[in-house]
Amino acid sequence: MRNPWRDLKGLPRGVWVLFFATLVNRAGTMALPFLVLYLTRLGYPASQAGLMLTVYGVSALVTAPLAGRIADRFGSLVVMEASLLSSGLVLMAFPVARGAWVAAAVALLAVTTESFRPANLSSISELVAPDRRKAAFALHRLAVNVGMSIGPALGGLLATVSFPALFRVDGATSVAAAVLLAVFFRRAGKRDAAAPVETGAANDAADAAANDALGTTNDVASETTGGAAAGAAKEHGPLTAREVLKEREAKGRGAVGREPFLRRQFGAFADPRLAYFLAALLPLLLILFQNESVLALFLVRDLGMTEAGYGLMFTINTALIVLLEVPLNSATAHWSHRRALSLGAALFAVGFGAYGLASSAWGVAACVVVWSFGEMIMLPASSAYVAEIAPARKRGEYMGLYTMSFSLAFAAGPWIGTSVYERHGSRVVWAGALALGLLSAALLARVKR
């Protein structure tokens, strides 16, 4: 039988550097999951501690599109390095904040941390050819989930000893990830960009980006250099990946400088494909973030499970993703975007809706398995779809707006879910989750090609 993991062997070196940097960073992620508990230990009421998550979500909402534009302007690597380094410093200093400075520190943490995501997704999009993007995004999510299986568990141990140590370890891993990128990413990029566009493009990082832009290379060259580069291409043969990327970046810098501010930040919404996709995705994301809010209340209050049992549900989700997501995406790589997106959304809807019928830990675990398969199909496909519809010089902007939709759902979803739970009970929440998920599934089945 075909080995489903072998697709990862052909991914560029740069993608693997991003994998290890993300793994190191996520393995130290513990401050945000324990933020509410930390603030209540300082004497904050639970409502004010929960409000800090909204502050984080709103700040991330504003940050994502700006970070994407900056990545287009100055390069994804610069944004990733700056994000990791600055967020590490903010985390290390966070325990000093008191009073009103806590809200400011949370907002600053969101700005510095969430700048990484659109730049990271944009970088993966540029490094990998379209037919390999699902595998690359699945590898990225593998790093996220392996890291998240370590970070919160380690954070729980540190919290019993010292909460300030928790923040400092988190910050140290962010700085370590920045150093890893600075040392190895450029070196890997030079090797990946060495081959010409016409040979080995499917497995080469920068050649994949060149493959995206090659159809407009002569137009780019004529606009930026008066046709000199186009003439050189004809005289000396195919341009290398690095030459194509330079032409594309030069065109992008000139276009950015001429655009009005609001159009620079949100102009991608003019693309009806992106606007429709994000609108169709939002109901599903509102469901996803009930994991951090209503699910805990439902399991502990309604079903009488312990906090450890609640944590075990996350372990089931993470274990499935680590073991199955890469093989699953390899097996479904030939699926259309419509098929993957709509099926993933439907599994989300059924999994969360079925919580309303669960009455034991086994029933809850079965629900987790169902929506975890939806997550494994849906999220890599959604990243790949945005990467495919984005123009080469606007991938950062498109990815910024894509990650902004997650921030919007994080800011609104937990508050909406807990409000409905307090007024009407958990069954109404899960029935609403089923309806919203099926709505997303129906809309995503009609995404534009």
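**View 1. A nonpolar patch on the surface.** A patch here is made of residues with over 30% relative accessible area and no salt bridge, with nonpolar side chains joined within 5 Å. In this predicted model, Val-58, Val-62 and Leu-66 make up one such nonpolar patch on the surface. Take Val-62 as the example: you'll find it in helix α3, which covers residues 46–74. As for the spacing along the chain, an α-helix has 3.6 residues a turn, so residues three or four places apart point the same way.

**View 2. The largest nonpolar core.** Now for the inside: the largest nonpolar core has 117 residues. The ones touching the most other members are Leu-166, Leu-181, Phe-277, Tyr-355, Tyr-402 and Trp-430. Helix α18 (residues 361–389) gives this core its largest share, 15 residues. In soluble globular proteins, nonpolar side chains tend to be buried together.

**View 3. Around Tyr-402.** Zoom in on Tyr-402, and set aside its neighbours within four places in sequence. What's left in contact with Tyr-402 is Leu-121, Phe-277, Leu-278, Leu-281, Leu-379, Ser-382, Ser-383 and Val-386. Phe-277 is on the list of core residues that touch the most other members, and so is Tyr-402 itself.

**View 4. Helix α6, mostly covered.** Helix α6 runs over residues 116–127, 12 residues in all. From first C-alpha to last it reaches 16 Å, close to the 16 Å expected at 1.5 Å a residue. Of those 12 residues, 11 are buried. Among them are Phe-116, Pro-118, Asn-120, Leu-121, Ile-124 and Glu-126.

View 5. His-140 sits in helix α7. With a relative accessible area of 17%, His-140 is buried, because the cut-off for buried is under 20%. Not counting residues up to four places away in sequence, His-140 touches Thr-22, Asn-120, Leu-121 and Ile-124. Asn-120, Leu-121 and Ile-124 are among the buried residues of α6.

**View 6. Val-144, also in helix α7.** Helix α7 spans residues 133–159, and Val-144 is found there. Val-144 is buried, at a relative accessible area of 15%. Leaving out neighbours within four places in sequence, Val-144 is in contact with Thr-22 and Arg-26; Thr-22 is one of the residues that His-140 touches. One more pair to look for is Val-144 and Val-322: they're 178 residues apart in sequence, but 9.4 Å apart in space, C-alpha to C-alpha.

How values were computed
Residues numbered from 1 in each chain as written. Predicted model: local features only at pLDDT ≥ 70, side-chain atom pairs only at ≥ 80, totals over all residues. Heavy atoms only, no water. Helix = DSSP H or I, 4+ residues; strand = E, 2+ residues; numbered from the N terminus. Buried < 20%, exposed > 50% of the residue type's maximum accessible area, 1.4 Å probe, protein only. Contact = heavy atoms within 4.5 Å. Core = buried A, V, L, I, M, F, W, Y, C linked by side-chain atoms within 4.5 Å. Expected span 1.5 Å × (residues − 1). Patch = residues over 30% accessible without salt bridge, like charges linked within 9 Å, V, L, I, M, F, W, Y side chains within 5 Å. Areas by Shrake-Rupley, 256 points an atom, 1.4 Å probe, with all protein chains shown as cover. Salt bridge = Lys/Arg side-chain N within 4 Å of Asp/Glu carboxyl O.
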